[in-house]
Amino acid sequence: MLKEEKLLLENKIILCTGFTGSLGTVLVNRLLKNKNIKEIRGYARDEYKVSEMMRKIKDKRLIPYLGDIRNLDRLKDVCKGVNIVTGK
């Protein structure tokens, strides 16, 4: 991870939609290498995939949220306090 990238993400809360998919998994694992990130919120709709992901990743900064991006009210709730949103 680049020094500039570490500084850019320092103390940030990041929301990663679709975090249990192939791209989301790679992104979350890369982000977790940066110890300066405050929190990563993983947002996905498949409860089984979320539980599998959380079983594999033991980092307390990764917080899972169940929901569908088409549910605007739920998405707004999850976005509260978020600095950066990523996803497909």
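How many bridges join β2 to strand β3, and which way do the two strands run? Five bridges join them, and β2 and β3 (residues 62-66) run parallel. Strands here are DSSP E runs of at least two residues, helices are H or I runs of at least four, and both are numbered from the N terminus. Strands count as paired if DSSP finds at least two bridges between them.

This is a predicted model: local features need pLDDT of at least 70, side-chain atom pairs count only at pLDDT 80 or more, and totals for chains, interfaces and linings use all residues. Residues are numbered from 1 along each chain as its sequence is written, and side-chain values use heavy atoms, without hydrogens or water.

Start with the sheet. It is open and has four strands, in the order β3-β2-β1-β4, with parallel pairing. β3 and β4 (84-86) are the edge strands, each pairing on one side only. Neighbouring strands are turned by 20° against each other on average, direction ignored. Five bridges also join β1 to β2. Ile-13 has Glu-39 in β2 as its bridge partner. Tyr-43 has Tyr-65 in β3.

α3 lies across β2 and β3, at about 170° to β3. β2, α3 and β3 make a right-handed β-α-β unit: with the strands pointing away from the viewer, the path from the first strand over the helix to the second runs clockwise.

Buried means under 20% relative accessible area, exposed over 50%, partly exposed in between (1.4 Å probe, protein chains only).

Met-53 lies in helix α3. It is buried, with a relative accessible area of 6%. Beyond its neighbours within four places in sequence, Met-53 is in contact (heavy atoms within 4.5 Å) with Phe-19, Thr-20, Thr-25 and Val-28.

How values were computed
Axes are lines fitted to C-alpha atoms, for helices over the stretch in contact, and angles run from 0 to 180 degrees between N-to-C directions.
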